[in-house]
Amino acid sequence: MLDVGALQVRYGEAVAVEHLDLALPEGGVLALIGANGAGKSSTLAAISGVVTPARGSVRFGGRDITRLPPEQRSRLGIALVPEGRRVFAALTVAENLTLGGAMHLDRAARAVRAEEMLGLFPVLRQFYRSRAGTLSGGQQQMLAIARALMARPKLLMIDEPSLGLAPKVVDDVFDLLAALKASGLTMLLVEQNVALALDLADSAVVLATGRVVLSGPAPDVAASELVRHAYLGQ
Amino acid sequence: MLLQQVINAISLGGIYALLALGLAIVFSITGLINFAHGELMTLSGYALLAALMMGMPLLPAAVTAVAAGALAAVAMERVAFRPMRGASVTSLLLTSFAVSNLLKVVFQNAISARGKPIAMPDWMAGVVPIGSFTIGVGPLMSIAVSALALLGLELFLRRTVMGAAMRAAAQDFNTLRLVGISANRVIAVAFLLSGVLAGIASLLWIAQRASVDPMMGFVPVLKAFIATVIGGLGSLSGAVAGGMLLGVMEVALQALLPPSLAPYRDALVLSGIIVVLLVRPNGLIPAVDTARS
Ligand SMILES: Nc1ncnc2c1ncn2[C@@H]1O[C@H](COP(=O)(O)OP(=O)(O)O)[C@@H](O)[C@H]1O
Ligand SMILES: [Mg+2]
């Protein structure tokens, strides 16, 4: 479904991602792991269209989308839950959800989908008319995921969902991601908590300073020397 | 007398508020301070003149004028500002100066450097009795129109999906694009709204002066710019508050200053603004910090 070939992402002179290849089949879950600054968010930015790759290609559903602007990629079914959640703080929870589906669903379908989201994230219901900025970190993460799901995406990318959340809330988030996986959703997950990420994922790619240093089925990556020492503390 | 002065102050403040809002909407979304906003006002004025000369009744002519302002604003964005998307604040500012001057020159050469009279209907100069007082119809109508425009904008921003998108764009444009909402469309609507507001302000300005000239938009938009700074650059409620405050200050000084000091009115208003900004450097109602997520 997603095919990234020889991707290079640069910010001016600085190279953030170099010669990266990724393949993600429909229904698969891929974990992208690596230290801070390894280029994980930059990879997601290139797939979502927030940055244009300096080199390489991004293909989605057989179509070359390397130069497509982010809004068109969203309409093709790519959704990103960005690092730091980035809910629209001044807007209500309801308005955040509405915007998530504004370009994908008509008014009636949006209402149905928003109700589904409230079923999936019951905590959002009691804050439905509150400003998103007043929610806790965990609630904002739920809202950010719900906003992305409003569009009924084919590919959901999530950047560091557990960042800054209490352990109990992290468990809630990962329970939800597991349920989404079980429902057949294709996901690309960036996560500092490598044990949780590899547990959820089918396959994994390890990045270091912008390059792939290891990739393969998630259990193999979890069992590798590199990951056990550097990320799992074993 | 006092009541009439209060009405005048609100009426003038309302016009500044409409113009300041137009500047603030565009600034909050694009980071551009559009100095050519005044020329949108002027262009609406000429559109009103043309429509009346072609024999249109006042109301359709007024609608035509506002539509012309809106279309011109969208065209201005498409032709001048879209190619500059992502450029530095300075380049954007210079572009808007260039557009402003270009339009002034076009108005001067294609129409006339001098003012063209626009006849206003007699009822607008009339008065309505309120108890033992009389109040001018013109300023009252101006207040009503400004209030309706503000209310309409508020409803648009609060009740429509596009309105929510515009509020979101002011906070986090990239994330808005990630959910599929087109940057081009949101920016075009921001300019469209600013053009509508400039067009309405133009009608209210002309209603009290009965003429249009190439420089017409310059002074009111300069004042509106000051109003947005007082209110908090990029803050919409701040723009309205700043516009009102400026209108009230001007009318109050006009009424209270002895004639010998009258020439210093604008200097005194600007001094007052400096005091406001010393006390509240980010304006009366600062814009939400867009860097916060
Ligand atoms: N907008 C940007 N401008 C310049 N450099 C950036 C930008 N975003 C990221 N970088 C740099 O690119 C590299 C990769 O960053 P990032 O993709 O955010 O890594 P990760 O998400 O793995 O922590 C880092 O060196 C970072 O400093
Ligand atoms: Mg990151």
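How much space lies in the largest pocket? About 800 Å³, in what is a predicted model, where local features need pLDDT of at least 70, side-chain atom pairs count only at pLDDT 80 or more, and totals for chains, interfaces and linings use all residues. Residues are numbered from 1 along each chain as its sequence is written, chains are lettered from A and ligands numbered from 1 in the order written, and side-chain values use heavy atoms, leaving out hydrogens and water.

**The largest pocket**
- A pocket here is an open set of points on a 1 Å grid where a 1.4 Å probe fits, with protein on both sides within 12 Å along at least five of seven lines; lining residues have an atom within 4 Å of a point.
- Of its 31 lining residues, B:Arg167, B:Gly234, B:Ser235, B:Leu236 and B:Ser237 are the closest to the centre.
- The lining splits into 19 nonpolar, seven polar and five charged residues.

- Most residues other than glycine have a negative phi.
- A:Arg86 has a positive phi near 50 degrees, and sits in the loop between strand E6 (78–81) and helix H3 (93–101); strands are DSSP E runs of at least two residues.
- A:Thr209 also goes positive, with phi near 40 degrees, in the loop between strands E9 (203–208) and E10 (211–217).

Terms used. Grid points are joined across faces, edges and corners, and a volume is the space filled by probe spheres set on the points. Ala, Val, Leu, Ile, Met, Phe, Trp, Tyr, Cys and Pro count as nonpolar, Asp, Glu, Lys and Arg as charged, and the others, Gly among them, as polar. Helices (H or I, at least four residues) and strands (E, at least two) are DSSP runs, numbered from the N terminus.
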